[in-house]
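Here is a short tour for anyone who likes to look at a fold with the viewer open. Please load the model and follow along.

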Amino acid sequence: EPIAYVEVLAVTEAAAGTGLAKRLMHEVEEWARRRGLQRVDLMVFAVNERARGFYEHLGYTAEFMRYVKLVG
């Protein structure tokens, strides 16, 4: 099933806390709806609690966790 995917969302420090990121995500969601897409996916680092909180506040839920181990 086709989905919308947000690769990177970043705003400048000056724009942080202004609602710009929220407006950008709203536009992504509207863009997806207009194209008949049922979902928006994105990835965020588990340690990025600020971003995780932001997306959860917007109604996004975690679907899976990826585990990695550096060995080299």
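What volume does the second largest pocket have? The second largest pocket comes to about 430 Å³. Keep in mind throughout that this is a predicted model.

## The second largest pocket

Of the 19 residues that line the second largest pocket, Val11, Gly17, Ala21, Arg50 and Phe54 sit closest to its centre. Two elements, H1 and H2, each give two or more residues to this lining. H2 has the largest share, with 5 residues.

By residue class, the lining of the second largest pocket holds 11 nonpolar, 5 polar and 3 charged residues.

## The largest pocket

Now turn to the largest pocket, which has a volume of about 1200 Å³. Its lining takes in 30 residues, and those nearest the centre are Leu42, Met43, Val44, Phe45 and Phe64. At least two lining residues come from each of S1, strand S2 (40-42) and H2. H2 gives the most to the lining of the largest pocket, namely 4 residues.

## Overall layout

Stepping back, the protein has 2 helices and 2 strands. Read from the N terminus on, its elements follow the order β-α-β-α. The radius of gyration is 14 Å, well over the 11 Å that the globule rule gives for 72 residues, so the protein is more spread out than a compact globule.

Along the principal axes, the C-alpha atoms fill a box of roughly 45 × 35 × 20 Å. Of the 72 residues, 18% count as buried. Among contacts between residues at least 6 apart in sequence, 57% join residues at least 24 apart.

## The nonpolar core

Which residues make up the largest nonpolar core? There are 9 residues in all: Ala4, Val6, Met25, Ala32, Leu37, Val40, Ala51, Tyr55 and Tyr60. Strand S1 (4-6), helix H1 (20-34) and helix H2 (49-57) each supply at least two residues of this core. As general background, nonpolar side chains in soluble globular proteins tend to be buried together.

Apart from its neighbours within four places in sequence, Val6 is in contact with Met25, Val28, Val40, Asp41, Leu42 and Met43. Two of these partners, Met25 and Val40, also belong to the largest nonpolar core.

Is Asp41 buried or exposed? Asp41 counts as buried because its relative accessibility is 19%, while the cut-off for buried is under 20%. Asp41 is found in strand S2. Leaving aside neighbours within four places in sequence, Asp41 is in contact with Ile3, Ala4, Tyr5 and Val6.

His26 has its place in helix H1. With a relative accessible area of 42%, His26 is partly exposed, a class that lies between under 20% for buried and over 50% for exposed. The C-alpha atoms of His26 and Leu58 are separated by 9.0 Å, although the two residues are 32 residues apart along the chain.

Conventions
Residues are numbered from 1 along each chain as its sequence is written. This is a predicted model: local features need pLDDT of at least 70, side-chain atom pairs count only at pLDDT 80 or more; totals for chains, interfaces and linings use all residues. Side-chain values use heavy atoms; hydrogens and water are left out. A nonpolar core is a set of buried Ala, Val, Leu, Ile, Met, Phe, Trp, Tyr and Cys residues joined through side-chain atoms within 4.5 Å. Buried means under 20% relative accessible area, exposed over 50%, partly exposed in between (1.4 Å probe, protein chains only). Contact means heavy atoms within 4.5 Å. On a 1 Å grid over the protein atoms alone, a cavity is a set of points where a 1.4 Å probe fits but cannot get out, and a pocket is an open set with protein on both sides within 12 Å along at least five of seven lines; lining residues have an atom within 4 Å of a point. Grid points are joined across faces, edges and corners, and a volume is the space filled by probe spheres set on the points. Ala, Val, Leu, Ile, Met, Phe, Trp, Tyr, Cys and Pro count as nonpolar, Asp, Glu, Lys and Arg as charged, and the others, Gly among them, as polar. The radius of gyration is taken over C-alpha atoms; the globule rule is 2.2 Å times the number of residues to the power 0.38.
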